[in-house]
Amino acid sequence: MPRARGVDSVVKRIPLPQCMGIPVRYDAALAVLSDSRGIGPWKKIVVGPTFHLLTERQKGAVLLHEVGHCKLCHTEKIIAHTIARPRLVFALLAASIKAARRFKKETPQALAFFQYEIERLAPGTAAFRQRLEFEADAYAAGCGYGAELAQVFRCAGDAGGGFHPDVESRVRHVLGESHG
């Protein structure tokens, strides 16, 4: 993917009200580094407290990863994937109820538990979601932020949970190294 025009100038203005046309909001309670939310024209990127510990280029890499999710319509693809699989709808409801009973607030452990339950009830969900993560990683890397994204992955570890590929696979992917 060719480097996006003006990416560096956009990234230099972080924190921003927008990144490449997508609103960016801060949520002090966010248990993960960042997240993309919404569909259609209502998409937004949410960053948590740890986001501000990153360098400017690392912040840019994270935002561009989330922009990738938005621009590549990943939330819409997840919704379509869910609707096409009635068992997954059941799994989402069951996992939500079970997680809500076990955890009182959103934490990395609660998210990992929720994802584990969904995969247990609807196998194949994690592989589908991991493909979307690789696509968003490739978007950021294609904008010239692969090295910074790899640094973030190495520092953050497996904070994304079961729906995210393992750290070393992601690092190899964004740096263009072979998977062998």
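Met 20 sits in the loop between E1 and E2, where helices (H or I, at least four residues) and strands (E, at least two) are DSSP runs numbered from the N terminus. This is a predicted model, in which local features need pLDDT of at least 70, side-chain atom pairs count only at pLDDT 80 or more, and totals for chains, interfaces and linings use all residues. Residues are numbered from 1 along each chain as its sequence is written, and side-chain values use heavy atoms, with hydrogens and water left out.

**The sheet**

- Four strands form an open sheet in the order E1-E2-E4-E3, with mixed pairing; two strands pair if DSSP finds at least two bridges between them.
- Strand E1 (18–19) and strand E3 (34–37) are at the edges with a single partner strand each, so one side of each has no neighbour in the sheet.
- E1 and strand E2 (residues 22–26) run antiparallel and are joined by two bridges; Cys 19 has Ile 22 in E2 as its bridge partner.
- E3 and strand E4 (residues 44–47) are also antiparallel, joined by four bridges, and Arg 37 has Lys 44 in E4 as its bridge partner.
- In a regular strand, side chains alternate between the two faces of the sheet.
- Buried means under 20% relative accessible area, exposed means over 50%, and partly exposed lies in between (1.4 Å probe, protein chains only).

**Backbone points in the loops**

- Met 20 has a phi near 50 degrees, a positive value in a residue other than glycine, and is partly exposed at 25% relative accessibility.
- Cys 73, in the loop between H2 and H3, is not a glycine either, yet has a positive phi of about 55 degrees. Cys 73 is partly exposed at 32% relative accessibility.
- Gly 38 has a positive phi near 90 degrees in the hairpin of E3 and E4, which has six residues between the strands.

**Helix H3**

- His 74, His 81 and Thr 82 are buried in helix H3 (residues 74–83).
- Seen down the axis of H3, these buried residues fall within an arc of 100 degrees, so they line one face of the helix. The arc is taken from the directions from the helix axis to the C-beta atoms.
- The buried residues of H3 pack against helix H2 (56–71), H4 and helix H6 (125–156); contact means heavy atoms within 4.5 Å.

**H4 against H5**

- Helix H4 (residues 86–102) and helix H5 (residues 108–121) pack at about 145 degrees, with their axes 8 Å apart. Axes are lines fitted to C-alpha atoms, for helices over the stretch in contact, and angles run from 0 to 180 degrees between N-to-C directions.
- Among the residues that meet are Leu 88, Phe 90 and Leu 92 in H4, and Phe 113, Phe 114 and Ile 118 in H5.
- By class, this contact of H4 with H5 has eleven nonpolar, one polar and five charged residues. Ala, Val, Leu, Ile, Met, Phe, Trp, Tyr, Cys and Pro count as nonpolar, Asp, Glu, Lys and Arg as charged, and the others, Gly among them, as polar.

**Gly 124**

- Gly 124 lies in the loop between H5 and H6 and is partly exposed, with a relative accessible area of 32%.
- Leaving aside neighbours within four places in sequence, Gly 124 is in contact with Arg 85 and Glu 119.
- Gly 124 and Leu 88 are 36 residues apart in sequence and 9.8 Å apart in space, C-alpha to C-alpha.
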